[in-house]
Amino acid sequence: MRRIVAHEQYCIGCRLCEIHCLVQHSRSKKIIKAFRDERDAIVPGVQVEESGAVSFALQCRHCDEAPCIEACMTGAMHRDSQTGAVLCDQERCVGCWMCIMVCPVGAIRRGPERHVASKCDLCLGEDYPACVANCPNEAIVLEEDDG
Amino acid sequence: MDRAPYMIIGNSVAAVAAVTGIRGTDRERPVTVIAREPHHTYSRPLISYLLGGAVDEAAMLYRAPDFYEKNGVVALLGVEVVRVHPDERTVETSDGRTLGFERLLIATGGRPIVPGDVPGTDAEGVFTFTCWDDARSIAAYVEQEGVKRAVVVGGGLIGLKSMEALVRLGIETTVVELADRILGATFDRKASELARRRLEGAGVSVRCETTVTHIRASRGKVTGVTLRDGGRVPCELVILAIGVVPDTGLVRDSGIRTGRGIVVDDTMRTSVEGIYAAGDVAEAADLFTGEKRTIPIFPNAYRQGLIAGCNMAGGRRTYAGGLAMNSVEVLGLPTISVGVTDPDGEGCEVLSDLDEEGPVYKKVVLKGGRVVGAIFVGDVDRAGIITGLIRERVDVSEFRDVLLTDDFGLISLPREYRKHVVSGKGIVV
């Protein structure tokens, strides 16, 4: 399956990954419109964390044994049978935040507009995840493995 | 006798996880699921959302309608197992059948407690609230009787989730709690107070340090309750939410070891070979102390069921121990509590941060350099990172001061730990 690998030594903390993730998951798909009108309605699935000189971009690890799937009380959080990605079916999510409680990475956030869990969906259907495609420094790269 | 290779009693989260666990090891041999309730596998915690109208009946299913078919499950639904006979390797059902098994999982969950010493619990309009049919019955009763006022007995998680549903239905609700605060089992005093304030702000009356001594009825239907302090609260509906006990009746005097629940080892096996237990009925080791106790929460039930299923099918997995944790929104106020939240001395140290206005309240409990518990109210987004530190018993002495800061994140943690949590298969940093 596709996996996103972060290299913190190359990350310059520019947060372009966050912006492009937001655009990719916006209704308009236009950077200016999305940033201006939809910024408060979406949280990016990738978050840049920064402390002093160190920064890195982090999104859902799509764990092989995902605690969020185990803790999800509705069955909304599930593994996509085709790709192996961990996805949240927002139609079934009721926003109980059990997934947030058990994610050791902190990769799941409360959706600001809809009361549902929001996280990285690996941009399935696209050639490259938006964060990877738009990282200027190859600090986040895509790898495929057969697992 | 034809024996089921795998028999599971129960059909909720632990049972579903067990099917998944079995199928991870054995794709072939059929699994028999026997459950008292007639429903397809459904999400029990969703019953309060159903009652409150936040989800519809179709949303109740926990797994897709073809779950049984896809997993080779023979489901006997609406059938109750009344006895387990370990020596004969059989179970006895409510419809008079005797069914044989090779491996058995008991995942019967809990039964709600109905106080025996309170007159009037048999009146119409008195309900417990733990299953789909309860939600349906309450909804029908509310509709049919035009219920305007309700009393919820018990200020724990079930009590508060039922209260929330009733508030959504526009019903004037009173919560009666025996202890001096609501959510006392999972919260500390401050978090309880913030939750109480949220309830009262929504017009809910909270009566602590008292209990219902008498449920009054007229023509068989509830008209109100009398409290221990003599006060009376008129109402047309009473929900009893004083607790749940492990449903162990089917193994009584069977030789299977029980305490409060059915005692299991770290493979989820009971005292009898080939017989396992998982979920709210199981008494398994505590993560911190190793002592056996029941921790009836959803994620533990899943994990235990998965492990039991794997081991039943000949795999080998062990349970690291249960950690109490709850995530519950109280009338829109998100809260998460994990582990020890209200230490009574014992060498614990507390770090906390409170913004009364938000409200936002965060607290971590430290013991011997490690985090053993935490509470988050209002802002829960980073709670999982703390849960991870608790579970992995990470020594936080070097960076304890950042645990409650606003920009706390994975980056606040030592590089080695960071690498550990983000490095799944194929993941490097």
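## A tour of the domain interface

Domain 1 and domain 2 of chain A bury about 1200 Å² between them, and carbon and sulfur atoms give 55% of that area. Buried area is the accessible area (1.4 Å probe) that two parts lose on being put together, summed over both. This is a predicted model: local features need pLDDT of at least 70, side-chain atom pairs count only at pLDDT 80 or more, and totals for chains, interfaces and linings use all residues. Residues are numbered from 1 along each chain as its sequence is written, chains are lettered from A and ligands numbered from 1 in the order in which they are written, and side-chain values use heavy atoms, with hydrogens and water left out.

**Stop 1: the two domains.** Select 1-59 + 121-147 of chain A for domain 1, then 64-119 for domain 2. These bounds come from an automatic or database domain assignment.

Stop 2: Select A:V43, A:Q47 and A:L124. They supply 38% of the area that domain 1 of chain A buries against domain 2 of chain A, more than any other three residues.

**Stop 3: the contacts.** Here 16 residues of domain 1 of chain A are in contact (heavy atoms within 4.5 Å) with 15 residues of domain 2 of chain A.

**Stop 4: a salt bridge.** Select A:E113 and A:R27. They form a salt bridge, with the closest N and O atoms 3.9 Å apart. The rule asks for a side-chain nitrogen of Lys or Arg within 4 Å of a carboxyl oxygen of Asp or Glu. It finds two salt bridges across the interface of domain 1 and domain 2 of chain A.
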